[in-house]
Amino acid sequence: MTTDKIIVPLDVPDLDSAIALVDKLPQVTFWKVGLELFTSTGPKILDILKSQEKRIFLDLKFHDIPNTVAGACRAAASYGVDLLTIHATCGKDALKAAAEAVQIGAEKAGTKPPKLIAITLLTSISARQLAFDLKIPLELPEFALEMALLAQNSGLNGVVCSPQEVQQLRTSCEKDFLLVCPGIRPIWAEKGDQKRSLTPSQAITAGADYLVIGRPITAAAEPELAWNQIVEELKTV
């Protein structure tokens with residue numbers, strides 16, 4: 001298990017806080033930039049991360065009509081990031097348009113196209129909420145599988161899914177289909193708002209390609225110590 005499989009979110013409100021966190025954890029090679037930070041800083045943070053030869057997961061979770069998500073993906077592809085997200089519930093037309101757009105955007109910018117991955121279901125949503133709040137008449141694992149297969153059949157490179165769905169998706173999807181898992185919580189960390197979590201070693205054993213681990217590291221009293229604990233745990237996998 002190599003440490004480049006661990007993605008740490010820069011879930012901070014501004015550029016100064018992001019730089020401080022990156023400086024505090026120089027051993028982290030893969031960072032996630034989400035809605036809050038990107039809305040605050042724009043692509044400046046991406047330029048800083050690339051200048052330090054960091055890999056970037058641009059997690060903006062696009063969700064709109066096909067023409068709009070295609071335009072957004074085309075623009076995002078020019079940044080030269082490694083991973084980019086879109087909601088699977090945009091539907092097949094939007095997913096296909098997005099997959100084509102990242103290729104076009106990257107080619108125009110002279111960059112490598114990002115891996116486009118779909119959100120199956122947010123890890124903060126429980127089976128009860130799926131049924132009663134969203135009125136989805138499928139069991140949660142079945143819904144996640146349907147979204148993953150929709151993404152795969154639409155030409156995407158992978159999905160973001162709960163670690164609890166990884167084993168089923170790994171069996172059902174193609175071998176090189178990426179499975180990126182947020183909601184990872186070591187035994188010693190609080191679950192917070194994550195409803196469907198596993199430990200880092202459990203998620204990797206189940207078949208995850210990347211682990212997104214945020215607050216157990218970034219909110220720890222000693223982030224570097226927390227990082228080292230997680231790395232040590234994964235050495236046994």
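I began with K135, which is exposed at a relative accessible area of 60%. For this entry and the later ones, buried means under 20% relative accessible area, exposed over 50%, and partly exposed in between, with a 1.4 Å probe and protein chains only. K135 is in the loop between α6 (127-132) and α7. Its phi is near 60°, a positive value in a residue other than glycine.

Notes on the source. The model is predicted, so local features need pLDDT of at least 70 and side-chain atom pairs count only at pLDDT 80 or more, while totals for chains, interfaces and linings use all residues. Residues are numbered from 1 along each chain as its sequence is written, and side-chain values use heavy atoms, with hydrogens and water left out.

**Entry: the other positive phi**

I looked up K61 next. Its phi is near 50°, again a positive value in a residue other than glycine. K61 is in strand β3 (residues 55-62). Helices (H or I, at least four residues) and strands (E, at least two) are DSSP runs, numbered from the N terminus. K61 is partly exposed, with a relative accessible area of 26%.

**Entry: aromatic pairs**

How many aromatic pairs does a search of the whole structure find? It finds two. Rings of Phe, Tyr and Trp (its six-membered ring) pair if their centres lie within 6.5 Å; planes under 30 degrees apart count as stacked, over 60 as edge-to-face and the rest as tilted. I wrote down the pair of F30 and Y210: the ring centres are 5.5 Å apart and the planes are at 80°, so this pair is edge-to-face. F30 lies in strand β2 (residues 30-34) and Y210 in strand β8 (residues 210-212), so the pair ties together parts 180 residues apart in sequence. Both F30 and Y210 are buried.

**Entry: charges over rings**

Y210 came up again here. K5 lies over its face, at 4.9 Å from the ring centre. The criterion is NZ of Lys or CZ of Arg within 6 Å of the ring centre and within 35 degrees of the ring normal. I also noted R128, which lies over the face of F132 at 4.6 Å from the ring centre.

**Entry: helices α4 and α5**

At what angle do α4 and α5 pack? Helix α4 (residues 66-77) and helix α5 (residues 92-109) pack at about 30°, with their axes 7 Å apart. Axes are lines fitted to C-alpha atoms, for helices over the stretch in contact, and angles run from 0 to 180 degrees between N-to-C directions. That angle makes α4 roughly parallel to α5. Angles under 35 degrees count as roughly parallel, over 145 as roughly antiparallel, 65 to 115 as roughly perpendicular and the rest as oblique. α4 passes α5 in a right-handed crossing. A crossing is right-handed if the near helix is turned clockwise from the far one by less than a right angle, and left-handed if anticlockwise. The contact residues of α4 are P66, V69, A70, C73, R74 and A77. Those of α5 include A94, A97, A98 and A101. Contact means heavy atoms within 4.5 Å.

**Entry: helices α1 and α3**

I then took helix α1 (residues 15-24) and helix α3 (residues 44-51), which pack at an angle of about 20° with their axes 11 Å apart. That makes α1 roughly parallel to α3. Their crossing is right-handed. L15, A18, I19 and V22 of α1 make the contact with K44, I45, I48 and L49 of α3.

**Entry: buried residues**

Is Q152 buried or exposed? Q152 counts as buried, at 15% relative accessibility. It is in helix α7 (residues 140-153). Leaving aside neighbours within four places in sequence, Q152 is in contact with C173, E174 and F177.

G207 is in the loop between α9 and β8, and at 17% relative accessibility G207 counts as buried. With neighbours within four places left out, G207 is in contact with V166, R170 and L179. I also read off the C-alpha separation of G207 and Q27, which is 24 Å for 180 residues along the chain.

P216 is in helix α10 (residues 215-218) and is buried, with a relative accessible area of 6%. The C-alpha atoms of P216 and I184 are separated by 8.7 Å, with the two residues 32 apart along the chain.

Last, R185 is in the loop between β7 (178-181) and α9 (200-206). R185 counts as buried at 7% relative accessibility. Its C-alpha atom is 26 Å from that of T89, 96 residues away along the chain.
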